[in-house]
Amino acid sequence: MAESRAGFVALLGPPNVGKSSLLNALLGQRLAIVSPRPQTTRSRILGILPRGDAQILFLDTPGRHDGTKTLNATLNAIVDEAARDCDVALLLVDSTRGWSGIHDELLRALSSKSAALVVVETKTDLPAARTGLPIPEALASGVVRVSARRKTGLEALLDAIVAKLPASPPLYGEDELTDRPVRWLCAELIREAAMRLLDEELPHSIAVQLHSYEESDPRLVRICADLLVERESQKRIVVGQGGRQIKQIGIRAREAIEAFIERRVHLELFVKVDPRWSQSARRMAELGYH
Ligand SMILES: Nc1nc2c(ncn2[C@@H]2O[C@H](COP(=O)(O)OP(=O)(O)OP(=O)(O)O)[C@@H](O)[C@H]2O)c(=O)[nH]1
Ligand SMILES: [Mg+2]
């Protein structure tokens with residue numbers, strides 16, 4: 001019998017390289033939210049994939065980036081922790097943008113650890129970068145090219161990962177997909193709908209707090225949540241003229257949650273001003289961004 005393997009595999013890279021999209025493609029499940037805006041992911045998300053005698057424990061992480069706000073520092077701390085804890089590090093490079101200083105930084109953070117490294121080029125369905133730096137020669141030979149959109153390169157990537165996992169019995173139950181509760185995933189789907197419908201800097205000022213998740217009625221789940229923004233002026237934009245914008249966000253979020261939990265949903269959304277949420281580490285922890 002083959003030896004069983006298990007271990008943590010961190011998805012690391014700059015914002016927007018496609019970490020969450022790759023996680024979802026590998027799992028065949030929409031676990032992490034995805035948006036065209038950088039800094040979509042705000043916490044470490046565990047996704048569990050059984051493969052033969054191996055159990056792969058993926059850790060999606062926020063994009064590593066510069067910045068001094070508390071939100072940025074918190075996100076970078078999450079990245080560093082995942083880099084420290086993983087057995088295998090996947091370093092993602094967007095094939096349309098190439099290598100950057102953030103990759104060098106992540107390599108430095110990983111160099112003192114014992115994690116095995118796999119460099120992954122993402123979005124290979126798109127035309128390759130004409131600008132941007134090439135992947136350093138020392139790493140270029142082992143690069144795995146994937147497209148989360150077309151689902152190509154995924155088997156090769158999984159083979160490369162399993163070969164580097166340590167020998168270990170499974171670390172989680174056979175039916176487990178994640179360590180995140182359904183309520184948290186629903187709050188994320190609401191945030192995804194808001195991020196996709198709102199422009200400019202607003203998505204980064206939004207947080208979602210679920211107040212109730214009521215399933216006593218067998219025909220439908222009742223969810224009540226607050227959309228938090230940091231300023232009155234942002235609240236006006238999120239609500240929109242005659243409440244039009246918040247209504248659109250609510251419709252999209254409800255549809256996404258219904259598809260996810262496979263039940264009918266009644267969703268009530270309120271917009272609230274919470275001026276300090278992105279400046280307070282404690283508040284962010286309460287919101288599940290830790
Ligand atoms: N064409 C194409 N687009 C992709 C692919 N993977 C991701 N994208 C797009 O790239 C954008 C960012 O994807 P995400 O998965 O949210 O990226 P991320 O690295 O998790 O971003 P952060 O959480 O903000 O750090 C989205 O618009 C995705 O649809 C791919 O394989 N092909
Ligand atoms: Mg992400």
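1. In this predicted model, the centres of domain 1 and domain 2, taken over C-alpha atoms, are separated by 27 Å. Domain 1 covers residues 5–164 and domain 2 covers residues 182–286.

2. The two domains touch through a defined set of residues: ten from domain 1 are in contact with 14 from domain 2. On the side of domain 1 that touches domain 2, two residues are nonpolar, five are polar and three are charged.

3. The largest nonpolar core comprises 75 residues, of which Val9, Ala10, Leu12, Ala89 and Leu90 touch the most other members. Helix α6 (residues 182–197) supplies the largest share of this core, namely seven residues. Both domains take part, since at least three residues of the core are drawn from each of domain 1 and domain 2.

4. Once its neighbours within four places in sequence are left aside, Ala89 is in contact with Ala10, Leu12, Ala83, Leu110, Ala115 and Leu117. Ala10 and Leu12 are also named, together with Ala89, among the core residues that touch the most other members.

5. Ligand 1 is surrounded by 23 residues, and the closest are Gly18, Ser20, Ser21, Thr41 and Gly63. Helix α1 (residues 19–27) gives the most to this shell, contributing three residues. By class, the shell holds eleven polar, eight nonpolar and four charged residues.

6. Lys151 has a positive phi, near 60°, and is placed in the loop between β6 and α5 (154–164). Lys151 counts as partly exposed because it has 13 C-beta neighbours inside 10 Å, whereas a residue is classed as exposed at 12 or fewer.

7. Glu262 belongs to the loop between α8 (244–261) and β9 (264–273). Because Glu262 has 7 C-beta neighbours inside 10 Å, it counts as exposed.

8. As regards confidence, the mean pLDDT of the protein is 92, and 98% of its residues reach 70 or more.

Conventions:
Residues numbered from 1 in each chain as written. Chains lettered and ligands numbered in written order. Predicted model: local features only at pLDDT ≥ 70, side-chain atom pairs only at ≥ 80, totals over all residues. Near = placed C-beta within 6 Å. Helix = DSSP H or I, 4+ residues; strand = E, 2+ residues; numbered from the N terminus. Nonpolar A, V, L, I, M, F, W, Y, C, P; charged D, E, K, R; others polar. Domains from an automatic or database assignment. Contact = placed C-beta atoms within 7 Å. Core = buried A, V, L, I, M, F, W, Y, C linked by C-beta atoms within 7 Å. Buried ≥ 20, exposed ≤ 12 C-beta atoms within 10 Å, placed from the backbone. pLDDT = per-residue confidence, 0-100.
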